[in-house]
Amino acid sequence: MSEGPVNTAPIKWAQRSDSLYVTISLPDVSEENIKLSDDGLHFRGKSGGKDYAVDAIFFKSVDSKGSTYKVMKRSVQMVIMKKEGDEGEDEEFWPRLLKDKSLEKNHVSIDWDRYVDEDEEDDAGAFDTSGLEGGQGMGGMEDMMGGMGGMGGMGGMGGMGGMGGMGGMDMESLMKNMGDMGGIDGGEAGKEPDSDDDDVDDMPDLENIE
């Protein structure tokens, strides 16, 4: 990133009792550097030929390992999981996003498209994160997602298709083996059963019947 004046990136946010949806409202972000800790967010990037940055401490701790983000055409969007409270402590809505009231007042706004009142959360449901598919993990999430990518190796289970190899078994040999076991004659395997002609041959000629 070039040296020069650095602007504070504008942020929008909404929340559920267990998560935050944070949007850095900058289009065509490049040279981005995004780091999330359990305490705050660090962002550096370029947009419209200008440098932008955010160094913010959240109102409460979050779970950086369970969070993810994605750089999109018009913004950088992230879903950040709130850290679970002590056992028996209910998850709750935060009164604001940041500890720094001044920074929040000047550079943070409500994402009204995703906003819900606390008592409406059950009806609204969780955030729609379909647009973040393929996004980057934050904190330890990268390692976990990378490992999950490795799970793609489970595609190797397609190797079970190799069981189709049973079809590759010599059916004639199989039938012969069955014949050796007192079953079907392997030499006759695959042939259609004889008709009733054999039974006809055993019947007496009609002209010999008195």
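A residue is called buried when its relative accessible area is under 20%. The legends below apply this term to a predicted model.

**Figure 1. Strand E3 is largely enclosed by the rest of the structure.**

**Figure 2. Strand E3 pairs with E2 and with E8.** Strand E2, residues 11-16, runs antiparallel to E3 and is joined to it by 6 bridges. The two strands form a hairpin, with 2 residues between them. Strand E8, residues 76-82, is likewise antiparallel to E3, and 6 bridges join these two strands. Val 22 illustrates both pairings: Trp 13 stands opposite Val 22, and Met 78 is the bridge partner of Val 22 in E8.

**Figure 3. Tyr 21 and Phe 127 form an edge-to-face aromatic pair.** The model contains 3 aromatic pairs. In the pair shown here, the ring centres of Tyr 21 and Phe 127 are 5.4 Å apart and the planes lie at 65°; an angle over 60 degrees counts as edge-to-face, so the pair is placed in that class. Tyr 21 belongs to strand E3, whereas Phe 127 lies in the loop between helix H2 (121-124) and strand E10 (136-137). The pair thus links distant parts of the chain, 106 residues apart. Tyr 21 is buried, with a relative accessible area of 2%, and Phe 127 also counts as buried, at 10% relative accessibility.

**Figure 4. Phe 59 and Trp 94 form a tilted aromatic pair.** The ring centres of Phe 59 and Trp 94 are 6.2 Å apart, with 50° between the planes. Phe 59 is in the loop between strand E6 (50-57) and strand E7 (62-71), and Trp 94 is in the loop between E8 and helix H1 (101-107), so the pair ties together parts that are 35 residues apart in sequence. Phe 59 counts as partly exposed, at 21% relative accessibility, whereas Trp 94 is buried, with a relative accessible area of 6%.

**Figure 5. Charged side chains lie over the rings of Phe 127 and Phe 93.** Arg 16 lies over the face of Phe 127, at 4.2 Å from the ring centre. The ring of Phe 127 is also the one paired with Tyr 21. In a second example, the charged end of Lys 82 sits over the ring of Phe 93, 5.5 Å from its centre.

Figure 6. Asp 28 is found in the loop between E3 and strand E4 (30-36) and counts as partly exposed, at 45% relative accessibility.

**Figure 7. Residues 140-168 and 183-191 have pLDDT below 50.** The mean pLDDT of the protein chain is 76, and 59% of its residues reach 70 or more. Over residues 140-168 the pLDDT stays under 50, and the model has 10 contacts beyond four places in sequence for this stretch. Residues 183-191 also have pLDDT below 50, with 10 contacts beyond near neighbours in sequence. Where pLDDT is low, the predicted coordinates should not be read in detail.

Key:
Residues numbered from 1 in each chain as written. Predicted model: local features only at pLDDT ≥ 70, side-chain atom pairs only at ≥ 80, totals over all residues. Heavy atoms only, no water. Buried < 20%, exposed > 50% of the residue type's maximum accessible area, 1.4 Å probe, protein only. Helix = DSSP H or I, 4+ residues; strand = E, 2+ residues; numbered from the N terminus. Pairing = 2+ DSSP bridges. pLDDT = per-residue confidence, 0-100. Contact = heavy atoms within 4.5 Å. Phe/Tyr/Trp six-rings, centres within 6.5 Å; stacked < 30°, edge-to-face > 60°. Lys NZ or Arg CZ within 6 Å of the ring centre and 35° of its normal.
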